Amino acid sequence: MYDFAVAGLGAVGSATAAELVRRGHSVVGFDRYRPPHTMGSAHSDTRMIREAWYQGSPYVPLVRDAWTRWKRLERRSRRTLLRTAGALMMGPADGRVFAGNPLASVTRPDTGRVSLSVQEVAGHFPWLRPDPGTITIYEPGAAVLALEACLEATLEAAAGADLRFDEPVLEWSASASGVRIGTARAEYRARRLAIAAGAWTSELVPELALPLEVERTVQYWFEPAGAHAPALADGPAWVWELDREGTWYGFPATARGLKAGMHFQAGRGTEVDRVDREVGDSETEALRRLFARYAPGVAGPLVHASVCLYTNTPDENFILDRHPCHPRVVVFAGGSGHAFKFMPVLGALMADLLTDDHPPHDLAPLSLDRFRRGAA
Ligand SMILES: Cc1cc2nc3c(=O)[nH]c(=O)nc-3n(C[C@H](O)[C@H](O)[C@H](O)COP(=O)(O)OP(=O)(O)OC[C@H]3O[C@@H](n4cnc5c(N)ncnc54)[C@H](O)[C@@H]3O)c2cc1C
């Protein structure tokens, strides 16, 4: 019998397995594929880590803890996992990006974050053309995580575990003596189970009827073009809410190109096993129109496009909690398009619940109860 089993070895599951191994436990981990792979939520070069978005929320202590853990993993793995590139939060004052983010606290001087006028944005980053009235917060310390390197380093840290790839968990059951996990190859036993199956989580806990929506989203890479092309690798990243078109994001250019895409789009809910993995020309054209209007001349030919999945909760907060009927089982779900940066701290929190350690962060905002209360 293993001490712990982990179903799903993507962002949160791999970090959970690594943390349990670090604490000296025997672990068996399963994944449907072999991470890093392109079928779930964790692929495609880069993820942002920044603090301003979360100002005043319980995520601030989590993101600070995550920074420390990423730095530690970077040292131990001897890989480059983070690169400071700065990030812009942009949008109308009354829009979604700034809702709940009073500007005074977002721009606290001790964090280095500053508010930029439209003219200042054009002065610092002349390829960006915000509309008049756009509010911009610049966070110079924000960084870009090298996604695949982060996953590989975490899986290496979990190497003491029995990691079983291309072996999806098909079923599990829990009793007073432990959990039983069934795959197409064998049956396994562990004392406790972590479920972190991303967009597939509902399939493993149908009895919880989790309020999760799987959203198909596309990441595009364009060849950097024009006079500003050499500067595009330096930064910044941006999350930019527009009046009519929605919220789009962009990353500093990598060897693959300049990556951009749309953040949260209504009506993209889908079933995880029926996701359309093809990217249509009209989708690419929609993004090109944004570049033409708001960052003209920098997006050259399309290099690559890749479908990725958000798993959204109604309030966009994660779920990290014990299974209400099976205390031996802990569930993470609902990354809602922003969980990657927190990966090492979420893994540690999963490990805390599994080992009955007291978590150093308040997990009430991530509880399953909040939906049950709403349903009552
Ligand atoms: C386009 C895009 C951009 C994003 N940008 C950012 C960003 O800038 N910053 C940020 O912090 N976050 C970002 N995110 C969000 C972040 O990547 C996700 O929230 C995070 O990857 C979710 O982690 P997870 O472990 O829940 O899911 P995943 O990382 O998808 O892992 C789930 C794993 O479970 C496995 N699995 C599924 N079913 C089973 C089964 N039955 N048995 C065994 N294994 C199974 C899957 O194969 C997969 O490997 C972005 C997401 C997308 C799609």
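Modeller: Met-262 is found in strand β16, where strands (E, at least two residues) and helices (H or I, at least four) are DSSP runs numbered from the N terminus. This is a predicted model, in which local features need pLDDT of at least 70 and side-chain atom pairs count only at pLDDT 80 or more, while totals for chains, interfaces and linings use all residues. Residues are numbered from 1 along each chain as its sequence is written, and side-chain values use heavy atoms, with hydrogens and water left out.

Biologist: Is Met-262 buried or exposed?

Modeller: Met-262 is buried, with a relative accessible area of 10%; buried means under 20%, exposed over 50% and partly exposed in between, for a 1.4 Å probe and protein chains only.

Biologist: And what does Met-262 touch?

Modeller: Not counting residues up to four places away in sequence, Met-262 touches several residues, among them Thr-217, Trp-248, Tyr-249, Leu-287 and Leu-290, where contact means heavy atoms within 4.5 Å. Tyr-249 is 13 residues from Met-262 in sequence, and their C-alpha atoms are 6.2 Å apart in space.

Biologist: Which residues of α7 are buried?

Modeller: Those of α7 are Glu-283, Thr-284, Leu-287, Leu-290, Phe-291 and Tyr-294. They lie on the same side of α7 because they cover an arc of only 110 degrees around the axis, the arc being that of the directions from the helix axis to the C-beta atoms.

Biologist: What covers them, and what is on the other face?

Modeller: The cover over the buried residues of α7 includes β13 (213-224), β14 (237-242), β15 (246-250), β16 (258-263) and β18 (299-312), whereas the face turned away from the buried side carries the exposed residues Asp-281, Ser-282, Arg-289 and Ala-292.

Biologist: Changing topic, how many cavities of 30 Å³ or more are there?

Modeller: The structure holds three of that volume. On a 1 Å grid over the protein atoms alone, a cavity is a set of points where a 1.4 Å probe fits but cannot get out, and lining residues have an atom within 4 Å of a point; grid points are joined across faces, edges and corners, and a volume is the space filled by probe spheres set on the points.

Biologist: What lines the second largest cavity?

Modeller: The second largest cavity, with a volume of about 40 Å³, is lined by Trp-127, Leu-232, Gly-235, Pro-236, Trp-238, Phe-251, Pro-252 and Leu-258. This lining divides into seven nonpolar residues, one polar and no charged.

Technical notes. 1 Å grid on protein atoms, 1.4 Å probe; cavity = no way out; pocket = protein on both sides within 12 Å on 5 of 7 lines; lining within 4 Å. Nonpolar A, V, L, I, M, F, W, Y, C, P; charged D, E, K, R; others polar.
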